[in-house]
Amino acid sequence: FIDLNCMEEVITNIVTNAFEALGSLGDVSISQRLEDEWCIIEISDNGPGMDEITMEQIFDPFFSNKNSSSNWGIGLSFSRQAVAAHGGTIEVNSQLHRGSVFTILLPHL
């Protein structure tokens, strides 16, 4: 059983972060496919990407590299915990100046 409201929040968090990183230029795409026993959702952007140090911290509660009083830094931490509660994982691949890809793997029943 997948909590659709929860997964909507997960995807919204990742997409919002992508658009915030892009500023006014760039592309965000979402794709979905079934592979073996997994539902795979990929959210990718062609934004600035992240360095290794940032990628190691993005799922930490209250981590943010944005200067904003409205950003609490809990979106990706929540997202990882929510996906894990559904028996899945989130993987991230990013390169500076080339963008990022977040891959959500959920068990397909």
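This is a predicted model: local features need pLDDT of at least 70, side-chain atom pairs count only at pLDDT 80 or more; totals for chains, interfaces and linings use all residues.
D36 is exposed, because its relative accessible area is 69% and a residue counts as exposed over 50%. D36 sits in the loop between β1 and β2. Its backbone has a positive phi of about 55°, although D36 is not a glycine. Most residues other than glycine have a negative phi.

With a relative accessible area of 60%, F62 is exposed.

Next comes helix α1, which covers residues 4-22. What marks its N-terminal end? D3 caps that end of α1, with a side-chain oxygen 3.1 Å from the backbone nitrogen of N5. The length of α1 can be checked by simple reasoning. The helix has 19 residues, and at 1.5 Å a residue it should span 27 Å. Just after α1, G23 takes a positive phi of about 70°.

Which residues of α1 are buried? They are C6, M7, V10, N13, I14, V15, A18 and L22. The cover over these buried residues includes the strands β1 (28-35), β2 (38-45) and β4 (99-107), as well as helix α3.

Helix α3, residues 75-85, packs against α1 at an angle of about 145°, and the two axes are 9 Å apart. The crossing of α1 past α3 is left-handed. On the α1 side, the contact is made by C6, M7, E9, V10, N13, I14 and N17. On the α3 side, the contact is made by G75, L76, F78, S79, A82 and V83. Sorted by type, the residues of this contact are eight nonpolar, four polar and one charged.

Within α3 itself, the buried residues are L76, S77, S79, A82 and V83. The elements that cover them include α1, β3 (89-95) and β4. S77 lies in this helix, and S77 counts as buried because its relative accessibility is 7%, where the limit for buried is under 20%. Leaving aside residues up to four places away in sequence, S77 touches F59, D60 and P61. Just after α3, G87 takes a positive phi of about 85°.

The last stop is strand β2, which contains I40. Is I40 buried or exposed? Its relative accessibility is 5%, so I40 counts as buried. What does I40 touch, not counting residues up to four places away in sequence? Its contacts are S31, Q32, R33, E35, T103, I104 and L105. Among these, S31 falls within the range 28-35 given for β1, and T103 falls within the range 99-107 given for β4. I40 and L22 are 18 residues apart along the chain, and their C-alpha atoms are separated by 23 Å.

Definitions and conventions: Residues are numbered from 1 along each chain as its sequence is written. Side-chain values use heavy atoms; hydrogens and water are left out. Axes are lines fitted to C-alpha atoms, for helices over the stretch in contact, and angles run from 0 to 180 degrees between N-to-C directions. Helices (H or I, at least four residues) and strands (E, at least two) are DSSP runs, numbered from the N terminus. A crossing is left-handed if the near helix is turned anticlockwise from the far one by less than a right angle, and right-handed if clockwise. Contact means heavy atoms within 4.5 Å. Ala, Val, Leu, Ile, Met, Phe, Trp, Tyr, Cys and Pro count as nonpolar, Asp, Glu, Lys and Arg as charged, and the others, Gly among them, as polar. The expected span of a helix is 1.5 Å times one less than its number of residues. Buried means under 20% relative accessible area, exposed over 50%, partly exposed in between (1.4 Å probe, protein chains only). A polar contact is a pair of N or O atoms within 3.5 Å; within protein, one must be able to donate a hydrogen and the other to accept it, and residues adjacent in sequence count only if both atoms are side-chain atoms.
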